[in-house]
Amino acid sequence: MNGDLLVVIEEVPHNNLRRDGNNLFYSTVISVTDAMLGTDISVPCLDGNYKVHLEAGTQSGTVIKLRGKGLPSVNGYGSGTGDLYVKILVWIPRKLSRDEREAIENMKGSRSFTPDLSRDDRALFDKEKNIF
């Protein structure tokens, strides 16, 4: 008997990844000390977790592109495999102990803690300013 085969595909949302076309988006929160000193993070991908190194001085709002870690095109149509974009958000503590506050106050006057936007930093902050 001849006839049509109808297949219904339901997309189930992922707990950590958001989809837009073939691209995936992931946001993660790191501590201010990890942002200042650099750290390694684990990013969930479709084929398992992927280790990403964040350089010292990583700014909140930084987006890292993992090329080819998105979704493949269905049946090979379209532009190949998408990318995975990882947005880094830096958590700033709301409360500090007396000793922590004193240590931060001692660093406050240091040149390292005074904003001096390099070309790369300026581009990031200018982009963030234009969001609102």
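Let's start with Tyr-85, which is partly exposed, with a relative accessible area of 22%. The terms work like this: buried means under 20% relative accessible area, exposed means over 50%, and partly exposed is in between, using a 1.4 Å probe and protein chains only. Before going on, a word on where this comes from: the model is predicted, so local features need pLDDT of at least 70, side-chain atom pairs count only at pLDDT 80 or more, and totals for chains, interfaces and linings use all residues. Residues are numbered from 1 along each chain as its sequence is written, and side-chain values use heavy atoms, with hydrogens and water left out.

Back to our tyrosine. Which residue forms an aromatic pair with Tyr-85? The partner is Phe-25, and the pair is stacked, with 5.2 Å centre to centre and 15 degrees between the planes. For the cut-offs, rings of Phe, Tyr and Trp (its six-membered ring) pair if their centres lie within 6.5 Å; planes under 30 degrees apart count as stacked, over 60 as edge-to-face, and the rest as tilted. Phe-25 sits in strand 2 (residues 23-31) and Tyr-85 in strand 6 (residues 84-91), so the pair ties together parts that are 60 residues apart in sequence. Phe-25 is also partly exposed, at a relative accessible area of 24%. The structure holds one aromatic pair.

Now step back to the whole protein. There are three helices and six strands, and along the sequence they follow the pattern β-β-α-β-β-β-β-α-α. Helices (H or I, at least four residues) and strands (E, at least two) are DSSP runs, numbered from the N terminus. Of the 132 residues, buried ones make up 20%.

Let's visit Leu-84, also in strand 6. Is Leu-84 buried or exposed? With 0% relative accessibility, Leu-84 counts as buried. Leaving out residues up to four places away in sequence, Leu-84 touches a list of residues including Phe-25, Tyr-26, Val-43, Pro-44 and Ile-64; contact here means heavy atoms within 4.5 Å. Pro-44 is 40 residues from Leu-84 in sequence, and their C-alpha atoms are 9.7 Å apart in space.

Over in strand 2 we find Ile-30, which counts as buried at 6% relative accessibility. Not counting residues up to four places away, Ile-30 touches Ala-35, Ile-41, Leu-54, Ile-88, Leu-89, Val-90 and Trp-91. From Ile-30 to Ser-60 is 30 residues in sequence and 8.9 Å in space, C-alpha to C-alpha.

Next, Thr-39, in strand 3 (residues 39-45). Thr-39 is buried, with a relative accessible area of 18%. Setting aside neighbours within four places in sequence, Thr-39 is in contact with Asp-34, Val-52, His-53 and Leu-54. Across the protein, among contacts between residues at least 6 apart in sequence, 51% join residues at least 24 apart.

Last stop: the second largest pocket. How much space lies in the second largest pocket? About 180 Å³. A pocket, on a 1 Å grid over the protein atoms alone, is an open set of points where a 1.4 Å probe fits, with protein on both sides within 12 Å along at least five of seven lines; lining residues have an atom within 4 Å of a point. Among the lining residues are Glu-11, His-14, Leu-17, Leu-24 and Leu-71. The lining divides into six nonpolar, one polar and three charged residues. Here Ala, Val, Leu, Ile, Met, Phe, Trp, Tyr, Cys and Pro count as nonpolar, Asp, Glu, Lys and Arg as charged, and the others, Gly among them, as polar.

How values were computed: Points joined across faces, edges and corners; volume = space filled by probe spheres on them.
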